[in-house]
Structure formats: structure tokens, C-alpha cells
Amino acid sequence: MAITVPIQPPGGVLGPASEHFEIERVDYLSPTAGGRVSGVTAGFPLWRGRWTLSGSLSREGSEAWRGFVASLRGQQRAFFGFDYGRPYPLFAPNGFAGFTRAGGGAFDGSALSWSVNATRDVVTLTGLPASQRLRIGDYVMWRWTGADIAGAGTARRALCRVVEAADISAGGVVSVSVEPPLPSLVPGGAVADLARPCCVMRLDTGESQIGEKGRMLRVSGTISGLQDLRP
């Protein structure tokens with residue numbers, strides 16, 4: 001069976017021992033002769049992921065990660081990168097089974113509609129479960145499809161992290177502050193989703209390395225990726 005890109009990395013019990021998943025910014029101080037200091041940003045902030053494999057990983061897990069890295073062909077193929085520690089918001093840490101939308105019907109993580117403010121750092125979601133709370137560190141993902149790109153496929157993702165807790169109203173509506181700001185390339189028809197949020201990444205070959213295999217036939221190593229943001 002042909003490999004589908006972006007490629008899904010190993011998960012569950014095969015997941016990494018530790019991870020770093022943060023926004024990478026390229027910022028510069030801009031001091032003035034009068035003593036005032038401000039800042040400028042070079043380019044849009046992107047997600048940087050780094051996942052560390054432990055030598056205590058199972059043999060199955062070791063082979064899964066070796067196969068995953070090999071399938072990426074260096075930077076040629078994209079993969080889905082995400083925070084292993086927050087696959088769902090804290091109000092539903094194990095998923096949305098049993099949750100219903102405020103207006104009725106099963107809730108699968110997707111909002112019925114969304115909007116964003118002028119500075120694109122406050123998003124409003126509708127159709128969520130009533131009277132829950134989005135907490136700092138929860139994620140909102142936007143998913144849509146674009147043109148088929150070699151090595152990247154058609155899947156598109158934008159990813160934002162909640163930076164200020166907010167209560168979902170009895171009507172299932174919430175307005176919440178997020179970082180980074182929602183990219184302007186996200187189309188209005190994209191679906192906002194709280195379930196298994198991720199972004200599309202490319203392997204950073206300079207920071208990624210699978211280590212030696214020990215006597216227990218297990219490997220250690222580091223996998224690093226940078227977000228590949230496309231319309």
C-alpha cells in the first residue's frame with residue numbers, strides 16, 4: 001500500500017520519551033536613539049517540534065520510529081507534528097465520547113463555525129459542549145485541503161495554542177486568545193477542530209538522528225521538525 005503524506009508518526013505506547021513543542025519566532029529588538037525599545041518579527045511564527053526517543057522504548061517502538069524516519073526521505077516528505085501531551089483539551093483528556101453540542105447532537109471536536117478578530121489572535125468558536133472551559137495549553141486546529149503538492153499531499157493545517165483560559169457559554173460559544181495568530185491564508189471554509197490538533201511539518205535533518213541500536217535491539221534518538229505552512 002502506498003504511503004499517504006503527510007505521514008502520521010508513531011503514537012500511543014510507541015510515543016516518544018520526551019518532547020519540545022513550541023512556537024519558533026525570529027524576533028529582533030528595535031531600540032531608538034531616544035531610548036525606547038520595540039520589536040520586529042521576521043516572517044510568520046512557526047511550530048518547532050523535537051521528540052526524544054529513550055533506549056527503554058520497546059523493540060516494536062524502535063522499529064516504528066526507524067521506519068517513520070526512513071519514510072520521510074529526509075525533508076522530501078511532510079509529516080503531522082503535534083504535542084503528544086495534549087491530544088484533546090483538558091476538559092476531555094480521553095476524547096469526546098459521550099459529549100454533546102450545546103444545540104444537540106454528538107460532539108466530535110469540530111466547531112460548527114468560527115470567526116477571528118482583526119488582529120487574528122482571538123477566535124470565536126460555536127457548536128461546542130455547553131459550560132466547559134478551554135484552558136491554557138489547549139489547542140485549536142484548522143483543517144482544509146489544498147492543491148496536491150509532491151511530498152506534502154493535499155492536507156493543510158493551521159495550529160494555535162490557547163494562552164488565556166475561557167469559559168464556553170451555555171449556548172456552546174467561546175472566544176479565546178491564541179498564539180500564534182491565525183494565519184491569513186486559512187480559508188473561511190476550513191474546519192476548526194479540538195480533536196488531535198496537529199500541523200504539517202518537514203524533518204530538520206540537521207537536528208534529527210536515530211542513535212545506535214543496543215543489545216536489547218532498541219534505539220534512542222531525536223526527531224526534529226519545523227512547520228510547513230501552505231495555503
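Is R120 buried, partly exposed or exposed? With a relative accessibility of 22%, R120 counts as partly exposed, because the buried class ends under 20%. The model on the screen is a predicted one, and the tour below moves through it from this residue.

Keep R120 selected and display its backbone. The residue sits in the loop that connects strand 6 (113–116) to strand 7, and its phi is positive, about 65°, although R120 is not a glycine. Next, select R73, another non-glycine residue with a positive phi, in this case about 55°. R73 belongs to the loop between helix 1 (59–72) and strand 5 (79–81). The relative accessible area of R73 is 48%, and R73 is therefore partly exposed. As background, most residues other than glycine have a negative phi, and most peptide bonds are trans.

**Two cis peptide bonds**

Select V5 and P6. The peptide bond from V5 to P6 is cis, and its omega is near -5°. P6 is located in the segment that precedes strand 1 (18–24). Then select E179 and P180, which are joined by a cis peptide bond with omega about -10°. P180 is part of the loop between strand 12 and strand 13 (191–193).

**P45 and its surroundings**

From P180, proceed to P45, since P180 is among the residues that P45 touches. Beyond four places in sequence, the contacts of P45 are I23, E24, R25, P180 and Q227. P45 lies in the loop between strand 3 (37–41) and strand 4 (46–53), and its relative accessibility of 6% places P45 in the buried class.

**The nonpolar cores**

Select F96, W114, L125, L128, W142, V186 and L194. Within the largest nonpolar core, which has 29 residues, these touch the most other members. Strand 7 (122–126), strand 9 (139–149), strand 10 (153–162) and strand 12 (174–179) each contribute at least two residues to this core. A second, separate core contains 26 residues, including V5, F82, A152 and L159. In soluble globular proteins, nonpolar side chains tend to be buried together.

Which residues does L125 touch, not counting those up to four places away in sequence? They are A111, S113, W114, V140, G172, V173, V174, A192 and L194.

**The cysteines C198 and C199**

Select C198 and C199 and show their sulfur atoms. The whole structure contains zero disulfides. C198 takes part in no disulfide, and the nearest cysteine sulfur, that of C199, is 6.9 Å away. A disulfide would need the two sulfur atoms to be within 2.5 Å. C198 is buried, with a relative accessible area of 7%, and C199 is also buried, at 0% relative accessibility.

**The largest pocket**

What kinds of residue make up the lining of the largest pocket? Eight are nonpolar, three are polar and four are charged.

Note on methods
Residues are numbered from 1 along each chain as its sequence is written. This is a predicted model: local features need pLDDT of at least 70, side-chain atom pairs count only at pLDDT 80 or more; totals for chains, interfaces and linings use all residues. Side-chain values use heavy atoms; hydrogens and water are left out. Ala, Val, Leu, Ile, Met, Phe, Trp, Tyr, Cys and Pro count as nonpolar, Asp, Glu, Lys and Arg as charged, and the others, Gly among them, as polar. Buried means under 20% relative accessible area, exposed over 50%, partly exposed in between (1.4 Å probe, protein chains only). A nonpolar core is a set of buried Ala, Val, Leu, Ile, Met, Phe, Trp, Tyr and Cys residues joined through side-chain atoms within 4.5 Å. Helices (H or I, at least four residues) and strands (E, at least two) are DSSP runs, numbered from the N terminus. Contact means heavy atoms within 4.5 Å.
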